[in-house]
Amino acid sequence: MALAVIGEYKLRLDKYLTEMGIGSRSEVKQGIKKGFAKVNDTAVTRPEYKVNETDVVCWKGTPIHFVEYEYIMLHKPAGVISATEDTKDRTVLDLIKDAKRKDLFPVGRLDKDTEGLLLLTNDGDLAHRLLSPKHHVSKTYYAKVDGIMTEEDIRIFSEGFKVDDALTALPAKLTILNVKDDTSEIELEIYEGKFHQVKRMVHAVGKEVVYLKRLSMGSLVLDEQLKPGEYRPLTEHELEGLYAGSHQSRHI
Ligand code: URA
């Protein structure tokens with residue numbers, strides 16, 4: 001079950017049922033005309049009938065609860081892509097078996113081989129705030145690197161630098177966790193999210209990322225109880241933190 005937010009609303013019966021995944025808009029309209037829908041125990045055969053949050057809507061006798069926004073924390077496994085659909089690869093949405101909303105999307109992208117925190121929602125407003133370059137929302141990654149990361153790399157990253165022709169990175173916080181043989185473990189906090197950003201930054205200082213996992217995005221921290229492929233609803237506290245962190249308040 002995902003955190004589901006129900007606000008005040010007044011919307012058409014056919015839209016309500018379509019958004020809750022009963023069928024296509026035309027299937028739902030036909031069903032309503034056939035008498036499949038009841039509102040507060042009374043059959044309603046007009047698709048345009050307006051329902052609000054106090055109404056009890058049933059479809060073929062089953063109550064259908066309305067969910068306006070859904071928020072899911074996924075531990076993205078390697079091998080799936082951060083998209084809503086794809087002709088050849090499995091997507092992150094294929095992993096969510098019990099979504100209430102049919103219009104979920106991933107907030108930002110992780111590479112196919114990257115693991116870790118990914119937020120799935122249908123809240124476009126929150127997604128925009130988290131992804132907008134204006135807000136500089138921080139993202140923290142853990143990486144295993146082929147090569148030895150150095151104090152000099154920490155300095156270069158902290159000042160921001162020209163990574164390649166297409167990318168000048170903002171200042172970022174590099175922490176070297178461990179160096180062994182010819183490999184390093186690092187944590188990197190960045191405040192932007194360009195394509196392959198972490199891999200490109202590490203490549204630019206002469207090393208290669210061989211494993212990458214996102215640990216946090218803004219105030220949202222990956223729940224380490226979640227194994228790759230597992231997910232859970234955000235708590236209200238986590239959601240409030242995300243809204244507060246993007247410098248906006250929102251009543252939920
Ligand atoms: N940086 C990368 O290089 N890849 C990701 O998936 C995320 C950040």
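Visitor: Hello! How many salt bridges are there between domain 2 and domain 3?

Guide: Welcome! This is a predicted model, and its domain assignment gives domain 2 as 71-133 + 220-245 and domain 3 as 138-217. The side chains of K213 and E224 meet in a salt bridge, at 3.5 Å from N to O. For domain 2 and domain 3, the salt bridge count is three.

Visitor: Which strand gives the most to the side of domain 2 that touches domain 3?

Guide: Let's look at what supplies that side. Strand 10 (115-121), helix 3 (124-131) and strand 17 (220-221) each supply at least two residues of it. With four residues, the element that gives the most is strand 10.

Visitor: What area is buried between domain 2 and domain 3?

Guide: The centres of the two domains, taken over C-alpha atoms, are 23 Å apart. The contact takes 17 residues from domain 2 and 10 residues from domain 3. Carbon and sulfur atoms give 46% of the buried area, which is about 1100 Å².

Visitor: Why is R25 called partly exposed, rather than buried or exposed?

Guide: R25 is found in helix 2 (residues 25-33), and its side chain makes a polar contact with the side chain of D14 at 3.1 Å. Buried means under 20% relative accessible area and exposed means over 50%. R25 falls in between, because its relative accessible area is 35%.

Visitor: Which residue in strand 15 stands opposite I176?

Guide: Strand 14 (residues 173-180) and strand 15 (residues 183-190) run antiparallel, joined by seven bridges. They form a hairpin with two residues between them, and D181 in the turn has a positive phi of about 50°. Opposite I176 stands I186.

Key. Residues numbered from 1 in each chain as written. Predicted model: local features only at pLDDT ≥ 70, side-chain atom pairs only at ≥ 80, totals over all residues. Heavy atoms only, no water. Buried < 20%, exposed > 50% of the residue type's maximum accessible area, 1.4 Å probe, protein only. Polar contact = N/O pair within 3.5 Å; in protein donor to acceptor, adjacent residues only side chain to side chain. Pairing = 2+ DSSP bridges. Domains from an automatic or database assignment. Contact = heavy atoms within 4.5 Å. Buried area = accessible area lost by both parts, 1.4 Å probe. Salt bridge = Lys/Arg side-chain N within 4 Å of Asp/Glu carboxyl O.
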